[in-house]
Amino acid sequence: MDGPTCATMGPSIAMSNPPNDLPGEWDRLEISERAGAVRFAVHVRPRSSRLTVVGVRDGALDVALMAPPAEGAANEQLRKLLARVLEVSRRDVNIIVGVASRSKLVEINGITPDVAKELLSKAKR
């Protein structure tokens, strides 16, 4: 314990990841892959003041939507947001479970889990 212990601790304290890189948060997003598509849970916050990807909450993607939950407006806005962020067409974004709920299961065709996490992390504000 004697000697230059403090001198060796300096480099380990420095950040090795860029400030916008949040690997821990995006590793918590539970994404499954099946038949050329990915599936993951989404928690929706309708009637928010902004339209954005908030982050990851309890293994699900947390999304703020400006649209109200009435008449499918929030679902349609979610499909548009995910299509834009994940660089796929809107027809490739499907809500599998939870059409009338804030908790949803979505399926995105034509994308891999790694690409999905990368694009979602870039979209977070």
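The questions and answers below concern a predicted model.

Me: Which element gives the largest share of the largest nonpolar core?

Reply: The largest nonpolar core has 30 residues, and F40 and L61 are among those with the most contacts inside it. Several elements give two or more residues to this core, including strand 2 (37-45), strand 6 (103-109) and helix 4 (113-123). The largest share, which amounts to 7 residues, comes from helix 3.

Me: Is M66 buried, partly exposed or exposed?

Reply: M66 is found in the loop between strand 4 and helix 3, and, leaving aside residues up to four places away in sequence, it touches R47, S48, S49, R50, L51 and Q77. Buried would require a relative accessible area under 20%, and exposed would require one over 50%. Because the relative accessibility of M66 is 47%, M66 counts as partly exposed.

Me: How far apart in space are M66 and L51, C-alpha to C-alpha?

Reply: In sequence, M66 and L51 are 15 residues apart. From C-alpha to C-alpha, their separation in space is 5.6 Å.

Me: What is the phi of D58?

Reply: D58 lies in the loop between strand 3 and strand 4, and it counts as exposed because its relative accessible area is 78%. D58 is a residue other than glycine, yet its phi has a positive value, near 55°.

Conventions:
Residues are numbered from 1 along each chain as its sequence is written. This is a predicted model: local features need pLDDT of at least 70, side-chain atom pairs count only at pLDDT 80 or more; totals for chains, interfaces and linings use all residues. Side-chain values use heavy atoms; hydrogens and water are left out. A nonpolar core is a set of buried Ala, Val, Leu, Ile, Met, Phe, Trp, Tyr and Cys residues joined through side-chain atoms within 4.5 Å. Buried means under 20% relative accessible area, exposed over 50%, partly exposed in between (1.4 Å probe, protein chains only). Helices (H or I, at least four residues) and strands (E, at least two) are DSSP runs, numbered from the N terminus. Contact means heavy atoms within 4.5 Å.
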